[in-house]
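Subject: Structure handover

Hello,

Here is the structure, ready for you to open. My notes on it follow below.

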Amino acid sequence: AIGLGSTMLHALLTAEAQGGDELPMLWYTAATAFCATEIILHKRPLAGCAHKFLGKAVVASALVATVTYVACRDDFTVFYIMFTTYSCSMVVAVIWITFYLGGESFGTRDEEESNHFRATVLLPLALYAGWILFVA
């Protein structure tokens, strides 16, 4: 949906096509922030209450952002704030997974293997995601 909306936006340059480009990006970042946070909460036994309501909270916030975006189409601020919030949540979660959960989230149990996994896979992924979101 993101690629189709982007194609429509750049081909038509209309407000409707802009919504078709930005709303799928908003929902995608909400979903990835949810998935990354879900991994963290799944590994923490005391987070049971937050774990139960996380999906509902993410869906509710994305619905509110969508309705607000449609109602205030001329104001880019709504999209920017929600997209940035979800993106920052995703980057923080990936960095947390990288340094605190390490390879155990992905099935590695050996300390040396876990450190190698952190250094060669998770750390570059977190740095690249942060660079793309904050610099590009």
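Cysteine 35 is partly exposed, at 45% relative accessibility. Here, buried means under 20% relative accessible area, exposed means over 50%, and partly exposed lies in between (1.4 Å probe, protein chains only). Cysteine 88 is also partly exposed, with a relative accessible area of 26%. The structure holds zero disulfides (a disulfide being a pair of cysteine sulfur atoms within 2.5 Å).

Some ground rules. This is a predicted model, so local features need pLDDT of at least 70, side-chain atom pairs count only at pLDDT 80 or more, and totals for chains, interfaces and linings use all residues. Residues are numbered from 1 along each chain as its sequence is written, and side-chain values use heavy atoms, with hydrogens and water left out.

Confidence next. pLDDT is the predictor's confidence in each residue, from 0 to 100. The chain has a mean pLDDT of 76. Of its residues, 70% reach 70 or more. Among the elements, H1 has the highest mean, 87. Helix H5 (residues 111–134) has the lowest, 68. Where pLDDT is low, the predicted coordinates should not be read in detail.

The fold. There are five helices and zero strands in the chain. From the N terminus, the order is α-α-α-α-α. Helices (H or I, at least four residues) and strands (E, at least two) are DSSP runs, numbered from the N terminus. The chain has 136 residues, and 32% of them count as buried. Of the contacts with a separation of 6 or more, 60% join residues 24 or more positions apart. A contact means heavy atoms within 4.5 Å. The accessible surface is about 8600 Å². Carbon and sulfur atoms account for 70% of that surface. Accessible areas come from the Shrake-Rupley method with a 1.4 Å probe; for residues, only the protein chains shown count as cover.

Helix H1 and what follows. Methionine 8 sits in H1 (residues 2–12). At 35% relative accessibility, methionine 8 is partly exposed. With Leu4 and Leu12, Met8 forms a nonpolar patch on the surface, about 300 Å² of accessible area together. Patches take residues with over 30% relative accessible area and no salt bridge; like charges are joined within 9 Å, nonpolar side chains (Val, Leu, Ile, Met, Phe, Trp, Tyr) within 5 Å. A salt bridge is a side-chain nitrogen of Lys or Arg within 4 Å of a carboxyl oxygen of Asp or Glu.

Threonine 7 is exposed, at 52% relative accessibility. Its C-alpha atom is 8.5 Å from that of alanine 17, ten residues apart along the chain.

Leucine 13 lies in the loop between H1 and H2. Leucine 13 has a positive phi of about 55°, although it is not a glycine. Most residues other than glycine have a negative phi. Leucine 13 is exposed, with a relative accessible area of 67%.

Glutamate 22, in helix H2 (residues 15–42), is buried at 6% relative accessible area. Leaving aside residues up to four places away in sequence, glutamate 22 touches Tyr69, Phe76 and Phe79. Alanine 65, in helix H3 (residues 48–71), is buried at 4%. The C-alpha atoms of alanine 65 and tryptophan 27 are separated by 9.6 Å, 38 residues apart along the chain.

Best regards
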